[in-house]
Structure formats: C-alpha cells, structure tokens
Amino acid sequence: MTRPRRSHLFMPGSNPRALEKAQNLPADGLILDLEDSVAPDAKAVARDGIAAAIAAKGFGKREILIRTNGLDTPWWGDDVAMAAKASPDGILVPKVSSIEDLQTIGSRLAELGAAPTVKVWAMIETARAVLHAEELAAAGRDPKTRLSGFVFGPNDIARETRIRMMPGRAAMIPMITHCILATRANGLEILDGPYSDINNPDGFATECAQGRDLGFDGKTLIHPSQIDACNVIFTPPAEEVARARKIIAAFELPENVSRGAIRLDGAMVERLHAEMARRTIEIADAIAAMGKG
C-alpha cells in the first residue's frame, strides 16, 4: 500500500495537551516521542500517556510511530515493552548503527508478541550508520528485522562529525544521497530530518523543496506551524498528476500495450515514465484519501 509520508510531526509523549491537539493536525504521521523531548524523570509518565492516547484511537488515518530511547539507555526495555503492547504503526529507534542493532530490535518485538504490523524505523544519525547505510537497508530484506525505513538525522550527524549545519546543507548532500540510494536499492522509505529554526519559514520551505528533489518521501517536523508548507511541497502538483494519468492512459491504448516507448505531446515517453507516473498517481490518490475523514 502506498502511504503518504509528507509530514511526520514529533510530539512529546509527556505533554497530554500536545497529544490531544495532534488528533486534529493535518500531518500525515505523528512521532510520539519518548527520547529528546522527554526529561528522564518524565519517561514513565510519557509511556503511560502515549499508550493511553493510542488506545483511545483518536489519531484517524495518521501513521503513528513511537520514538523510543536508544538501545544503550536504561529506558529502552520499558519503551519497547509499552510499544509492543500499544501496537502503533511502528517504532522509531535512535542511533541505529549496525545490523546487530536491527536484529536486537526485531527479536525483542517478537519476544514481546508485537503484532507483525508494528514496523521498525531506524534513525540514521551516526557516522557509522551513514557509512553502513547500504548494509543496514539490505538487512530489511529479512522480515524478522521489521525494517520499514530510515529517518535521516542531520543534527546528531553534525555533532558527531563536526560538519557545520549551513543553509543548503552542501556538506551533507553526499551522505544524504548515499542513504537515499541505500533505501531505494532495498525497497525502503526515507524521511528527511527536522529543520530547527521555526521562525524562518522561507528557510524551511527551501529545505523541504531540496529534500523533495533529493528523493526523500517526506520530512520530520518539530512544530505544527511547519505542517501545511511541508504538505504542499511534498504533494505532487495537479499538472504533474494530470500528466501522469495521461501517460498511463496512452500506454493502455491497444496500439501501445506492447510498445516500450511512445510519442506523446511531441515528446518520447518510455515505460519507465509510466512506472514513475503510477507512483505519482498512487501518492496523489493516497493523499486524497487521507483528507476524506
């Protein structure tokens, strides 16, 4: 099933009002957070709050991920136990850097009896993870890992590598494209990391457009004010969708069914363009379905 993932908003699990507000936000997905936005002494309360919010089934069609704490923290065990019982769409695990990490996560979910629908998303935010992105993505071919996608984490990568976070992210583009290629080669999704300056909407829009053009499926967000712009930028334009439908219709004509390339509106169109067109239509239809309640 094609699922729109234009905008995934981090929401602190320790804030009941935020969790309630999230039920009416137009984000495609919500990441209910137990990590950075939750103080150590609030972790238990946040777990209970997230479990109750998911049980209430008030999030509609939004994809629900729980961001746990890292495997090397004292909170990981309780986080994953709660998540396995709450049964969100997936868990997002910080600082996944090895195949062994993925195997540990998958095995623990299985031991806890988590439903097969609970998938794993790996945060790629260490130098080691970037260097081994292809191996990590390939591990997703083993269903036991439950791996569904990556979330690129530029802030932690910058901290670890000492690469400066500059407008345009020129120094990070090689790492970004490496991770995107790894996911595409292995049938996974990938989301861009957050943009921290919530008072700079122009800079945010520029980075969203860059992420879209680089191939990200969507972007993670840190403030509700970022949702609408992100959705617009990652939504296929109406003219692009219309063109995609025209390409599919042309290839379905009896005289074109067996042809590898056709002439359409003065341009040559190949079968690969039809495949791209189908993806565009699937995303557009899925976005439309999200808006129908």
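## Basis of the model

Two strands are taken to pair if DSSP finds at least two bridges between them, and helices (H or I, at least four residues) and strands (E, at least two) are DSSP runs numbered from the N terminus. The model is predicted, so that local features need pLDDT of at least 70 and side-chain atom pairs count only at pLDDT 80 or more, while totals for chains, interfaces and linings use all residues. Residues are numbered from 1 along each chain as its sequence is written, and side-chain values use heavy atoms, with hydrogens and water left out.

β4 runs parallel to strand β3 (residues 63-67), to which 3 bridges join it, and I91 is the bridge partner of I66. Between β3 and β4 the chain passes through helix α3 (residues 76-86) in a right-handed β-α-β crossover (with the strands pointing away from the viewer, the path from the first strand over the helix to the second runs clockwise). With strand β5 (residues 119-124), β4 pairs in the parallel sense over 4 bridges, and I91 stands opposite V120. The crossover from β4 through helix α4 (residues 99-111) to β5 is right-handed.

## Helix α10

In helix α10 (residues 227-234) the buried residues are I227, C230, N231, I233 and F234. Seen down the axis, these buried residues fall within an arc of 165°, so they line one face of α10 (the arc is that of the directions from the helix axis to the C-beta atoms). The face turned away from the buried side of α10 carries exposed D228 and V232.

Methods:
Buried means under 20% relative accessible area, exposed over 50%, partly exposed in between (1.4 Å probe, protein chains only).
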